[in-house]
Amino acid sequence: MGLAVSTARVPGAAPDSGQLTPQQLIEIYRLMFLSRRVDDREILLKRQQKIYFQVSGAGHEALQVGAALALRPGYDWFFPYYRDRALCLALGVTPEEMFLQAVGAATDPASGGRQMPAHWSSRPLHIVSTSSSTTTQVLHAVGCAEAGRYFSRHPEAVAKAEGDYRAFRDVEFHDDEVALTCLGEGSTSQGEFWEALNTASNRKLPVIFCIEDNGYAISVPVEVNTPGGNISKLVANFPNFHFAEIDGTDAEICLRAFQAAAAHCRAGNGPAFVHGHCVRPYSHSLSDDDKLYRSAAEREADAMRDPIAKMQMRLLREGILSADEINALEQQLDREVAAAAERALEAPLPPVSGISRHVYSEDLNPTSASIATEPTKGAVQAGKSASAKGNAPRTMADLINACLHDEMRHDPRIIVFGEDVADASREGALAEVKGKGGVFKLTAGLQAAFGSDRVFNSPLAEANIVGRAVGYATRGMKPVVEIQFFDYIWPAMHQIRNELALMRWRSNGEWASPAVIRVPIGGYLTGGAIYHSQSGESLFTHTPGLRVVFPSNALDANGLLRTAIRCDDPVLFFEHKRLYREAYGRAPYPGPDFAIPFGKASIVRPGADITLVTYGAVVPRALQAADKAQREHGIDVEILDLRTLNPYDWEAIATSVRKTSRVIVAHEDMLSWGYGAEIAARIADELFDDLDAPVRRIGAMDTFVAYQPLLEDAILPQPASILKAIQDLRAY
Ligand SMILES: Cc1ncc(C[n+]2csc(CCOP(=O)(O)OP(=O)(O)O)c2C)c(N)n1
Ligand SMILES: [Mg+2]
């Protein structure tokens with residue numbers, strides 16, 4: 001019997017549904033054993049303190065090799081979790097690449113030394129970078145599958161285009177592609193798991209959910225995480241699924257299960273759920289000792305089901321390999337693994353100078369002055385009659401809606417989803433109804449104009465919205481999603497901070513998720529109360545990788561939203577609810593290509609005595625205060641509207657402060673730890689010699705916004721409180 005000893009996947013080795021050949025069985029054993037040996041070598045390196053972390057895939061090898069051999073690397077899509085060493089080996093990641101990650105080498109292709117080992121990523125193989133967060137990846141797989149379907153229905157969206165993110169986001173897809181996502185049984189307790197099943201089921205998406213059930217989540221046994229102890233029983237009523245509950249330690253059973261699952265998905269019948277019962281012979285990680293919480297009998301029973309031993313027994317029993325041949329194969333693999341580890345230990349380490357690379361796109365700079373255009377006078381919006389609105393000033397809500405219409409026409413990769421954003425999910429009603437188009441009507445008419453494939457309602461689940469957007473965006477699409485109220489962004493916070501913002505940096509530029517999230521924000525609503533008035537922008541400007549935009553008027557909103565959509569970075573686009581239909585800041589339609597670069601403040605009122613740095617709904621309030629200060633007290637205030645909070649226009653701030661020597665930073669959000677704290681600290685640090693007075697800050701009281709208008713007025717900054725600060729600072 002010839003031995004397959006290469007560490008690369010044997011081309012054409014993927015078995016079909018017929019009898020497995022001896023060669024194929026040997027190949028399966030080779031991959032499983034290789035995975036275990038890479039784990040063993042990493043454990044040794046960790047004990048020698050040559051690497052810094054180790055988590056093993058031991059006990060899961062049969063399930064993972066079965067999954068990999070039923071699918072196609074570089075064709076299907078993979079959203080693994082940290083135990084998936086055997087999966088990744090079988091897809092084509094090499095042991096040396098795994099060791100490069102373990103040592104944190106510059107040449108680690110998954111992350112360039114940024115992620116722990118076993119945090120997989122490979123663009124050529126279609127393994128999308130995953131984080132340490134259990135379960136976030138399942139929603140990415142859902143969005144990925146949706147994107148694949150979208151491209152096969154909309155081939156016009158595949159084309160590249162110069163002048164926006166599409167120049168750097170290549171698209172590949174196959175009509176019958178499948179997305180595989182893996183997770184542990186403990187991780188099925190996360191809400192995101194259920195949110196992913198929801199959409200995969202409802203939209204009949206080709207996603208295979210692989211549950212690698214080793215009975216424990218660190219020290220917590222399955223019955224504590226899963227009522228009744230069996231996740232298959234709980235999910236059994238989701239429509240459109242193919243279900244399989246299998247022995248995850250028998251490689252052939254696993255392979256057959258994934259072949260059936262893939263066939264169901266490729267045929268367009270919906271998603272699949274493969275629940276494999278496997279074992280965990282090596283404790284959770286090297287930081288864990290399962291003797292602390294598992295009985296000896298239980299650990300012995302697990303050892304009896306070790307998939308490597310089972311496969312080896314089969315090869316011997318069926319006379320496929322002799323004991324000597326198995327020995328020879330294993331020794332050969334051991335030598336290859338040892339040599340791969342040695343090479344990795346010699347690899348160059350990442351330069352400190354490269355730390356900031358790939359926080360944001362290296363290709364498209366949204367602050368470039370070349371983005372700036374002038375509004376087109378007398379422009380008429382496509383699809384609207386010239387007479388209807390003509391050149392009359394339009395509200396912020398109207399010009400955001402106009403931008404969405406124009407950009408969707410301009411770029412077929414844009415899709416819009418969120419809660420209530422469609423005109424009517426039941427399309428039959430569209431002929432007779434006006435349509436909803438968002439609770440604030442910002443997406444009105446988009447579904448009617450561009451169809452339900454491009455504009456649709458999500459389930460009422462914010463992590464679902466952002467997690468799917470990440471998946472869509474990694475495929476080169478441009479999701480422009482809506483979170484209905486800033487007050488309810490928190491379920492999506494995990495996806496925003498750990499996934500959306502990090503995809504590019506953690507994969508060292510290999511992957512990116514440049515989605516746009518539009519978020520109505522803020523108070524001054526008279527009755528908005530605690531849960532419809534929140535601000536909190538500094539929580540997001542404190543997240544590297546995310547662009548944060550906060551316009552104060554209709555024209556800026558239009559031009560900045562266009563830059564956000566065409567941008568190659570993820571953008572959080574805050575829209576102040578109070579400004580949506582305000583008389584202040586209306587503007588005529590500026591044309592379909594009007595754009596404002598990020599990081600460019602606007603001087604909304606020039607002045608000589610005091611600089612007032614602000615943004616959002618405080619801008620019109622600051623203007624009122626400044627006019628009064630001039631009129632009644634002769635104080636000439638210069639107001640800077642930052643417009644974008646990350647990046648922000650430090651040059652404009654510094655120039656103004658050098659001129660006035662007095663500065664107030666004002667915002668609607670709470671004062672303490674607010675956005676102004678950073679700006680004030682930087683001014684104090686870098687412009688100390690230019691100041692004639694302390695840096696002053698204005699913000700909301702350190703509380704939430706109350707319902708009773710009397711209280712709301714007292715809690716939020718008002719023109720009167722801004723005026724008082726201006727007077728005090730002048731007198732200092
Ligand atoms: C959101 C999140 N919470 C907690 C953790 C810490 N953590 C890492 S692995 C793990 C247990 C996962 O158990 P399971 O899903 O059964 O996978 P297994 O490790 O058993 O393969 C926990 C709690 C995490 N990484 N992410
Ligand atoms: Mg587990």
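A polar contact is a pair of N or O atoms within 3.5 Å. The model shown here is predicted.

**View 1. Ligand 1 and its polar contacts.** A polar side-chain atom of Y81 lies 2.5 Å from an oxygen atom of ligand 1. In S132, a backbone N or O atom is 2.7 Å from a nitrogen atom of the ligand. In T134, a polar backbone atom is 3.1 Å from a nitrogen atom of ligand 1. The protein covers 74% of the 580 Å² of accessible area that ligand 1 has on its own.

**View 2. The shell around ligand 1.** The ligand is surrounded by 18 residues. Y81, Y82, R83, S187 and Y216 are the closest. By type, the shell holds eleven polar, five nonpolar and two charged residues.

**View 3. T135, a residue with positive phi.** T135 sits in the loop between helix 4 (95–103) and helix 5 (136–153). Its phi is near 90 degrees, a positive value in a residue other than glycine. T135 is buried, with a relative accessible area of 0%.

**View 4. T526, with positive phi in another loop.** Here the loop runs between strand 11 (516–521) and helix 19 (538–541). Phi of T526 is near 60 degrees, and this residue too is not glycine. Is T526 buried or exposed? T526 is exposed, because its relative accessible area is 55% and the cut-off is over 50%.

**View 5. Helix 23, residues 675–686.** This helix has twelve residues. At 1.5 Å a residue, helix 23 should span 16 Å. Its end C-alpha atoms are 17 Å apart, which agrees. Which residues of helix 23 are buried? They are Y675, G676, I679, A680 and I683. These residues cover an arc of only 120 degrees around the axis, so they lie on the same side of helix 23.

**View 6. E668 in strand 18.** E668 belongs to strand 18, residues 663–670. E668 counts as buried because its relative accessible area is 6%, and buried means under 20%. Along the chain, E668 and E537 are 131 residues apart.

View 7. The bond from N646 to P647 is cis, with omega near 5 degrees. P647 is found in the loop between strand 17 (644–646) and helix 22 (650–660).

Key. Residues are numbered from 1 along each chain as its sequence is written. Chains are lettered from A and ligands numbered from 1 in the order in which they are written. This is a predicted model: local features need pLDDT of at least 70, side-chain atom pairs count only at pLDDT 80 or more; totals for chains, interfaces and linings use all residues. Side-chain values use heavy atoms; hydrogens and water are left out. A residue is near a molecule or strand if one of its heavy atoms lies within 4 Å of it. A polar contact is a pair of N or O atoms within 3.5 Å; within protein, one must be able to donate a hydrogen and the other to accept it, and residues adjacent in sequence count only if both atoms are side-chain atoms. Accessible areas come from the Shrake-Rupley method with a 1.4 Å probe; for residues, only the protein chains shown count as cover. Ala, Val, Leu, Ile, Met, Phe, Trp, Tyr, Cys and Pro count as nonpolar, Asp, Glu, Lys and Arg as charged, and the others, Gly among them, as polar. Helices (H or I, at least four residues) and strands (E, at least two) are DSSP runs, numbered from the N terminus. The expected span of a helix is 1.5 Å times one less than its number of residues. Buried means under 20% relative accessible area, exposed over 50%, partly exposed in between (1.4 Å probe, protein chains only). The arc is that of the directions from the helix axis to the C-beta atoms.
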